[in-house]
Amino acid sequence: MANHELTPFLDDIRNRLKLSDLIGHTTKVFRKGKTVKALCPFHNEKTPSFGIDDVRGVYHCFGCDAGGDHFKFIQETQNLNFIESVQLLAD
């Protein structure tokens, strides 16, 4: 599958899965209006510095600078490569 053929497939996965719901399976998320925050799953912290943007489909931690999308989150939290993360989310 060529890269230009893969993009709509990946976008479909991102659109079907709300990023904050995905992250909420592993860490508690705090919603306040459109803002979604969490304690960073990548380092220990006492106050939430991990922001989730469901509209753009990205997360970013202001404490440790971790960031990415659905696939990157699965890769980092479950020690998978990109293809494995796509397969897991597609299922």
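**View 1. Gly67 is a residue of strand 5.** Helices (H or I, at least four residues) and strands (E, at least two) are runs assigned by DSSP and numbered from the N terminus. The model is a predicted one, in which local features need pLDDT of at least 70 and side-chain atom pairs count only at pLDDT 80 or more, while totals for chains, interfaces and linings use all residues. Residues are numbered from 1 along each chain as its sequence is written, and side-chain values use heavy atoms, with hydrogens and water left out. Gly67 is partly exposed, with a relative accessible area of 29%, where buried means under 20% relative accessible area, exposed means over 50%, and partly exposed lies in between (1.4 Å probe, protein chains only). Leaving aside residues up to four places away in sequence, Gly67 touches Tyr59, His60 and Lys72, and such a contact means heavy atoms within 4.5 Å. Gly51 is 16 residues away from Gly67 in sequence, and their C-alpha atoms are 9.2 Å apart in space.

View 2. Strand 2 (residues 35-38) and strand 3 (residues 50-53) run antiparallel and are joined by 3 bridges, with Val36 standing opposite Ile52 of strand 3. Strand 3 also pairs with strand 4 in the antiparallel sense, over 4 bridges, and here the bridge partner of Ile52 is Tyr59.

**View 3. Two hairpins involve strand 4.** The hairpin of strand 3 and strand 4 has 4 residues between the strands, and Gly57 in its turn has a positive phi of about 75 degrees. Strand 4 and strand 5 pair in the antiparallel sense over 2 bridges, with Gly67 of strand 5 as the bridge partner of His60. In the hairpin that these two strands make, 5 residues lie between the strands, and Asp65 takes a positive phi near 70 degrees.

**View 4. The largest nonpolar core has 19 residues.** A nonpolar core is a set of buried Ala, Val, Leu, Ile, Met, Phe, Trp, Tyr and Cys residues joined through side-chain atoms within 4.5 Å. Ile23, Phe50, Ile52 and Tyr59 are the members that touch the most other members. Two or more residues of this core come from each of helix 1 (3-16), helix 2 (19-24), strand 2, strand 3, strand 4, helix 3 (70-78) and helix 4 (82-90). With residues up to four places away in sequence not counted, Ile23 touches Val29, Phe50, Ile52, Tyr59 and Phe73.

**View 5. Phe50 and Tyr59 form a stacked aromatic pair.** The structure holds 6 aromatic pairs, where rings of Phe, Tyr and Trp (its six-membered ring) pair if their centres lie within 6.5 Å, and planes under 30 degrees apart count as stacked, over 60 as edge-to-face and the rest as tilted. The rings of Phe50 and Tyr59 are 5.2 Å apart centre to centre, with 25 degrees between the planes. Phe50 is buried at a relative accessible area of 0%, and Tyr59 is buried at 4%. Ring pairs link Phe42, Phe50, Tyr59 and Phe73 into a cluster.

**View 6. Cys40 and Cys61 are in no disulfide.** A search of the whole structure finds 0 disulfides, a disulfide being a pair of cysteine sulfur atoms within 2.5 Å. For Cys40, the nearest cysteine sulfur is that of Cys61, 3.7 Å away. Cys40 counts as buried at 6% relative accessibility, and Cys61 counts as buried at 0%.

Notes: Pairing = 2+ DSSP bridges.
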